Each structure stands twice: as structure tokens, then as C-alpha cells.
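Have a look at the sequence and structure first, then read on.

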Amino acid sequence: MFIRDIQAQDQAIYMQMSKDFYHSDATLFAMTDEQLQATLQKALQNSPFLRLVIIEEEQKTVGYGLLAFYWSNEAGGMVTQLEEFYVLPEYRGKQLGSQFLNWLIDSYRDQTARFRLEICSSNVGAKKLYEKYGFSTLDYIQMIKDMQ
């Protein structure tokens, strides 16, 4: 597996994969093309708050990961949040999730006080993978207020 930062020429494949992600049982919300484009543009501008990476296998794009970075008083430092992780259906079950998590933890362990992610309760396979890597379920409810 090869992981690299997204580039402008990846726009079409990223848009398709992210639409697939947001039409799956991995999410609770739908996304507009405008929202996906805004994320892509911030990533292409090297925002310090997010990183969008492309996952390749045998020189073919097979997935992506979206990372967000923020400070947490509770964690006592920076948090690296895995906002989105997607692998094309035909490449699932080939240990790419494990390889990606190894890359994520190895790449950010020295600058991260906490790794965080969210999953839907129906996404049992993802929960099992993340628990294997030491992630645990939090016992509280998250609330949101969208401003747009």
C-alpha cells in the first residue's frame, strides 16, 4: 500500500469515493457536492486543520482517508481524528484497513495525544477493526449544531 497527499488530478476519483462513503451505512448524514469540494479545496491548500490522503495499491487508487487535527484540553494535547476512511468494495478484506491504521499511528504518534474516530453502531466490521488497534467506545452522547 502507498499513501500520498491528494492532488488536483485526484478530484474525480475522490468525489466518487466520498459520494459512495456518504451513501453507505458508515455515515448518518448526506453530503452535497459543494461540501465535498470545500474539503477538497482546503486539503489542496495544505490546511493545518486537515489532511486528505489517497490510498494506492499496485499504482491504482483504492481508497482515501480524511484526517482532522485539533487541540483537546481533555486529551492534554493535539488530537488526530480519522474523519473518514474509505476503501473501494473490491479491495476490502485485503488488510488495507490494518495497513492504514499502522501508517496513521506510526505517522502521528509523536505529535498526537489522542487518536479519535466516529463510527455508526451498525458498522460492526469497522468497530471490530478499530478495537483491535486499541480504540474504545466513549460513553457519552455527542451533540451538534450546524451553522450552514
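## Aromatic pairs

There are eight aromatic pairs in this predicted model, counting rings of Phe, Tyr and Trp (its six-membered ring) whose centres lie within 6.5 Å. In one of them, the rings of Phe-100 and Trp-103 have centres 5.3 Å apart and planes at 40°, so the pair is tilted; planes under 30 degrees apart would be stacked and those over 60 edge-to-face. Both residues sit in helix 3 (residues 96–108), three residues apart, or about one turn of the helix. Helices here are DSSP runs (H or I, at least four residues) and strands are E runs of at least two, numbered from the N terminus.

## A word on the model

Since this is a prediction, local features need pLDDT of at least 70 and side-chain atom pairs count only at pLDDT 80 or more, while totals for chains, interfaces and linings use all residues. Residues are numbered from 1 along each chain as its sequence is written, and side-chain values use heavy atoms, with hydrogens and water left out.

## The sheet and its helices

Five strands make an open sheet in the order 1-2-3-4-5, with mixed pairing; two strands pair if DSSP finds at least two bridges between them. Strand 1 (2–5) and strand 5 (114–117) are the edges, each pairing on one side only. Strands 1 and 2 run antiparallel over four bridges, and Arg-4 has Ile-54 of strand 2 as its bridge partner.

Helix 1 (residues 11–22) packs on the sheet, touching strand 2, strand 3 (60–72) and strand 4 (77–87), where contact means heavy atoms within 4.5 Å. Its direction makes about 70° with that of strand 3. Helix 2 lies across strands 2 and 3, at about 90° to strand 2. Axes are lines fitted to C-alpha atoms (for helices, over the stretch in contact), with angles from 0 to 180 degrees between N-to-C directions.

## The second largest pocket

What lines the second largest pocket? Its lining includes Asp-5, Ile-6, Arg-51 and Phe-69. Helix 2 (33–44) and strand 2 (50–57) each give two or more residues, and strand 2 gives the most, with three. A pocket is an open set of points on a 1 Å grid over the protein atoms alone where a 1.4 Å probe fits, with protein on both sides within 12 Å along at least five of seven lines; lining residues have an atom within 4 Å of a point.
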